[in-house]
Amino acid sequence: MERALLVRHAESVFSARGLATGRVDVRCPLSELGEVQARALAEDLANEGIDLCVTSELQRTRQTAEIALMDRAVSRIVFPELNDPRYGRYEGGPLEAYLAWAHANDSAAEPPGGGERRQNLVARYANGFQRVIERPERTILVVTHSLPIAYVLMALAGHAPAQRVPAVEYAKPYAISGRELTQAVVRLETWCAAPTW
């Protein structure tokens, strides 16, 4: 891979209501606004030569990619490593409730109800992006979620993963080189080896 276009999915019906869901078996399509955002993304990507599209398993990323690529003959594959977190008992509830828990606990803590530890989550995202880097295609569109993209952007700005992470804008492409993505993955892996919170 020489170049990646990282995109958060467009607004979903859950995110429009401020709800958290990371489950693959929960139906969560785009909202009406999300469909508009995905069509705008198609315009943004119209002049991009895209050789492959990678999405997470979740419906909102796959639907965003379908609309954004429309009838373009671009192969699509799914990387489960790039899924949203498993929220445990916060699944289906207000995202703010999960965030309040996350801000009050360290990265080794497991969200109640079998949620995903953030140390494991960062490692999972690093593995997913490493798989992207290893692909032979030159330009790869990666449609995923706010958190994995935020970790990459933070890493590129010289910051390690943190308890508080800025949200990434819906359906906005972030173009980064293969070298930059490799640097970000190294930073994430280094943090995983010695977490700081």
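Buried means under 20% relative accessible area, exposed means over 50%, and partly exposed lies in between (1.4 Å probe, protein chains only). The model is predicted, so local features need pLDDT of at least 70 and side-chain atom pairs count only at pLDDT 80 or more, while totals for chains, interfaces and linings use all residues. Residues are numbered from 1 along each chain as its sequence is written, and side-chain values use heavy atoms, with hydrogens and water left out.

**Cysteines**

Select Cys53 to begin; its relative accessibility of 0% places it among the buried residues. The closest cysteine sulfur to that of Cys53 belongs to Cys28, at 18 Å, which is too far for a bond. The structure holds zero disulfides, a disulfide being a pair of cysteine sulfur atoms within 2.5 Å. Select Cys192 next: this residue is partly exposed, at 24% relative accessibility.

**Ser107**

Move to Ser107, in the loop that runs between helix H4 (95-104) and helix H5 (118-133). Helices (H or I, at least four residues) and strands (E, at least two) are DSSP runs, numbered from the N terminus. Ser107 is buried, with 0% relative accessible area. Display the side chain of Gln119, with which the side chain of Ser107 makes a polar contact at 3.0 Å. A polar contact is a pair of N or O atoms within 3.5 Å; within protein, one must be able to donate a hydrogen and the other to accept it, and residues adjacent in sequence count only if both atoms are side-chain atoms. Leaving aside residues up to four places away in sequence, Ser107 touches Arg117, Arg118, Gln119, Trp191, Pro195 and Trp197, where contact means heavy atoms within 4.5 Å.

**Salt bridges**

The whole structure contains 10 salt bridges, each a side-chain nitrogen of Lys or Arg within 4 Å of a carboxyl oxygen of Asp or Glu. Arg138 is exposed at 53%, whereas Glu2 is partly exposed at 49%.

Continue to Arg86 and Glu116, a salt bridge with its closest N and O atoms 3.6 Å apart. Here the partners are 30 residues apart, with Arg86 in the loop between strand S3 (75-78) and H4, and Glu116 in the loop between H4 and H5. Arg86 is partly exposed, at 46%, but Glu116 is buried, at 3%.
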